[in-house]
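Colleague: I would like to learn how to read a model like this one feature by feature. Could we begin with the backbone and work towards the metal site?

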Amino acid sequence: MTTQLLELNAAQTSIYSRSNLRRAIKDFDDTEIAGITLQDNLVVVVRTDGSQQTYSREIVVTAYQEFTHRLKHFFSYLGPNYRGPSIWHNNAYILFKGWTYGHALGHISTNAKLQASWADKFIHINDQTKIEALLQSDHTDIGHLIAPDGFRYMQSIELGSAVSDSSGDDIEPQAADTQPKKYAPYCSCGSFKRQLNNLVDFQREIPGYKPMCIHMTWLQKYRALLSERSRVRTEIRGGAAVKCVAWAYAPPEDHVSKGRFVLLHTNSGSMAPISHWRTYKSNEVFTEEHAWDLFFNMLEADYVPFPLTSLPQLSSALKKK
Ligand SMILES: [Zn+2]
């Protein structure tokens, strides 16, 4: 029995890939695969010996979406000195790759050094193609250009028609109307661009599909954190916060271990001497994987977080130890 192998389009190739089959199916054997094809609601895996297995298309779609939407840890996209996304032009941001935090020596990596020297200069480059080439090329891997609410000059462009990954200069701004505008989010990473460029095919596979990537997920979480922080700050009505948390992060020393995330808290304000601070859950070990939850927990309890490095009385005391 032979199955005619239908050529998958770009969207289908991204979705029904070996890696997503592996993610979707426990104990999936990813060796000796001659081809992957589709038949009705099924993904058909054809082996080199001619045998076949079929799997539900839906579970592979779910695995694809979970993987593309996954949330990376808090330090994954911070630049040097815990720098968050930097504002660029047209409602877009520079999202830094967390080179400084992947390893104890990360801060002296070429990419981290490039980030430090370029961070304040990106704003002087107005051209989208140039900025992207500077961020991601054969020589650099600094970060991505991201516009979570779409570029400001892409007026009235509905999601689905902004399929070009060009600078957008060829898109004519339309006359202002009273309809609410729906801007198409954008990220310069390969995954997001592939989705944008093949949007119609993706939407055929997954109705109502909108492009997504790990950078977009991270940025949405980061924004939620910033808005939580400003809520707490507003509630103390401009006064200095008394409930404060100082946090510190030591990246892993090797490529197997996790880093250490440490929190000190006080009810005496951020200027309090070190004797007024207590380690949060000192008998527990926290890593970068706990950072998001811990930040949201602190804010929920109305504690304002500060990087420990910004509090001289703590950072110098800790260094002396
Ligand atoms: Zn992205």
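Colleague: In which loop does Asp40 lie?

Modeller: Before we start, please keep in mind that this is a predicted model. Asp40 lies in the loop between strand S1 (33-39) and strand S2 (42-47).

Colleague: What is the phi of Asp40, and is the residue buried or exposed?

Modeller: Most residues other than glycine have a negative phi. Asp40 is not a glycine, and yet its phi is positive, at about 50 degrees; the residue is exposed, with a relative accessible area of 68%. Asn91, likewise not a glycine, has a positive phi of about 75 degrees, and Asn91 is found in the loop between strand S4 (86-87) and S5. With a relative accessible area of 21%, Asn91 counts as partly exposed.

Colleague: How should I treat the confidence values, and where does pLDDT stay under 50?

Modeller: Where pLDDT is low, the predicted coordinates should not be read in detail. For the protein chain the mean pLDDT is 89, and 88% of the residues reach 70 or more, but over residues 155-178 pLDDT stays under 50, although the model has 33 contacts beyond four places in sequence for that stretch.

Colleague: How many helices and strands are there in the protein chain?

Modeller: The protein chain has 10 helices and 11 strands, and buried residues make up 44% of its 321 residues. If we take the contacts between residues at least 6 apart in sequence, 61% of them join residues at least 24 apart.

Colleague: Which residues of helix H5 are buried, and which exposed residues does the face turned away from them carry?

Modeller: In helix H5 (residues 128-135), the buried residues are Gln128, Ile131, Glu132, Leu134 and Leu135. They cover an arc of only 160 degrees around the axis, and therefore lie on the same side of H5. The face of H5 turned away from that buried side carries the exposed residues Thr129 and Lys130. Among the elements that cover the buried residues of H5 are strand S5 (93-96), helix H4 (110-118), strand S6 (143-147), S7 and H6.

Colleague: What does Asp127 do at the start of H5, and which side chain does Gln128 meet in a polar contact?

Modeller: At the start of H5, a side-chain oxygen of Asp127 comes to within 3.1 Å of the backbone nitrogen of Thr129. Gln128, which is found in helix H5, is buried, with a relative accessible area of 4%, and a polar contact of 3.5 Å joins its side chain to that of Tyr186.

Colleague: Which residues are buried in H4, and what do they pack against?

Modeller: The buried residues in H4 are Asn111, Ala112 and Gln115. Seen down the axis of H4, they fall within an arc of 100 degrees, so they line one face of the helix. That buried set packs against S5, whereas Thr110 and Lys113, on the other side of H4, are exposed.

Colleague: What is Gly143 in contact with, leaving aside its neighbours within four places in sequence?

Modeller: Gly143 has its place in strand S6, and at 0% relative accessibility it counts as buried. Its contacts, once those neighbours are left aside, are with Leu95, Phe96, Lys97, Leu135 and Gln136. The C-alpha atoms of Gly143 and Ile94 are separated by 6.9 Å, although the two residues are 49 residues apart along the chain.

Colleague: Which residues coordinate the zinc ion, and why is the arrangement called tetrahedral?

Modeller: The ideal angle at a metal with four tetrahedral donors is 109.5 degrees. Here the zinc ion is coordinated by Cys187 (SG), Cys189 (SG), Cys213 (SG) and His215 (ND1), at 2.1 to 2.4 Å. The four donor atoms subtend angles of 103 to 114 degrees around the zinc ion, which makes the arrangement tetrahedral. Along the chain, the donors follow the spacing C-x1-C-x23-C-x1-H. Cys189 lies in the loop between strand S7 (186-187) and helix H6 (190-197) and His215 in helix H8 (residues 214-235), so this pair ties together parts that are 26 residues apart in sequence. Cys189 is buried, with a relative accessible area of 4%, and His215 is buried too, with a relative accessible area of 5%.

Key. Residues are numbered from 1 along each chain as its sequence is written. This is a predicted model: local features need pLDDT of at least 70, side-chain atom pairs count only at pLDDT 80 or more; totals for chains, interfaces and linings use all residues. Side-chain values use heavy atoms; hydrogens and water are left out. Donors are N, O and S atoms within 2.8 Å of the metal (3.2 Å for Na, K and Ca); water is not among the atoms, so sites may look incomplete. Four donors count as tetrahedral if all angles lie between 85 and 135 degrees; four count as square planar and six as octahedral if opposite donors are over 155 degrees apart and all others between 65 and 115; anything else is irregular. Helices (H or I, at least four residues) and strands (E, at least two) are DSSP runs, numbered from the N terminus. Buried means under 20% relative accessible area, exposed over 50%, partly exposed in between (1.4 Å probe, protein chains only). The arc is that of the directions from the helix axis to the C-beta atoms. Contact means heavy atoms within 4.5 Å. A polar contact is a pair of N or O atoms within 3.5 Å; within protein, one must be able to donate a hydrogen and the other to accept it, and residues adjacent in sequence count only if both atoms are side-chain atoms. pLDDT is the predictor's confidence in each residue, from 0 to 100.
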